Structures are given as C-alpha cells and as structure tokens.
Amino acid sequence: TAVSDILSNPAAFAGRTVRIEGEISRECPSGCWFDVKDGAATIYVDIAPQGLAIPQHVGSKIVVEGTVSTESGQTEFLGKGVEIH
C-alpha cells in the first residue's frame, strides 16, 4: 500500500492489516520507532508495542506489515513485522 494513499484517507485503512515499503528516513536511537518514506510521503512507524526494535538502518529499504491508527489527529503505522533489505 502506498504511504500517500494511507495519509490521504486513513479512515479507509484504520484497523486493517496492510503492508508498506519504502526507505527509513529517521529512526529512534533504540530502534523502537522510525519514519518510512515512500516517494514524497512519510509515515511514522511504531514497533515498540509489539516488543520489537531494529538496529540503526537509516537509508535502508524496508517492508513493514501492520495496522493504521490515528492518534490525536496524527496518522501512524503500528508495525507487527519488519523486513530490512
């Protein structure tokens, strides 16, 4: 699913399991969250609730499976599985 599609209509994806692909553009020092950039769109991905963390891979290609959530007006992606290329 394109990040821009999710950001333009988050309600259509809320609660559904989707897969996004892109590049890690920013990452938490402990690896529990990161931003995924897909073309011109960027989405925040949180993997901490699943007990996951990744090593530092800013600039790497990534595939993330998870669900879309809107908290306090901000759309985020709750990652449940990560594959780094």
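The radius of gyration used here is taken over C-alpha atoms, and the rule for a globule is 2.2 Å times the number of residues to the power 0.38. For the 85 residues of this protein, that rule puts a compact globule near 12 Å, and the protein has 12 Å, so the two agree. The structure is a predicted model. The C-alpha trace spans about 30 × 25 × 20 Å along its principal axes.

The protein contains 2 helices and 5 strands. Among the strands, β1 covers residues 17-27 and β4 covers residues 61-71.

How much of the chain is buried? Of the 85 residues, 38% count as buried. The contacts can be sorted by how far apart the partners are in the sequence. Taking contacts with a separation of 6 or more, 52% are between residues 24 or more positions apart. The accessible surface comes to about 4500 Å², and carbon and sulfur atoms contribute 47% of that surface.

The charges come next. The protein has 6 positive and 11 negative charges. The mean position of the positive charges and that of the negative charges are 2 Å apart.

How many salt bridges are there in the model? The count comes to 2. A pair is counted when a side-chain nitrogen of Lys or Arg is within 4 Å of a carboxyl oxygen of Asp or Glu. One of these salt bridges joins E23 and K61, with the closest N and O atoms 3.8 Å apart. That pair links distant parts of the chain: E23 is in strand β1 and K61 is in strand β4, 38 residues apart. E23 has a relative accessible area of 32% and is therefore partly exposed. K61, at 48%, is also classed as partly exposed, because the exposed class begins over 50%.

The other salt bridge is formed by the side chains of R26 and D35, at 2.8 Å from N to O. D35 has a relative accessible area of 10% and is buried, because buried means under 20%.

Notes: Residues are numbered from 1 along each chain as its sequence is written. This is a predicted model: local features need pLDDT of at least 70, side-chain atom pairs count only at pLDDT 80 or more; totals for chains, interfaces and linings use all residues. Side-chain values use heavy atoms; hydrogens and water are left out. Helices (H or I, at least four residues) and strands (E, at least two) are DSSP runs, numbered from the N terminus. Buried means under 20% relative accessible area, exposed over 50%, partly exposed in between (1.4 Å probe, protein chains only). Contact means heavy atoms within 4.5 Å. Accessible areas come from the Shrake-Rupley method with a 1.4 Å probe; for residues, only the protein chains shown count as cover. Lys and Arg count as positive and Asp and Glu as negative; His and the chain ends are not counted. The place of a charge is taken as NZ of Lys, CZ of Arg, CG of Asp or CD of Glu.
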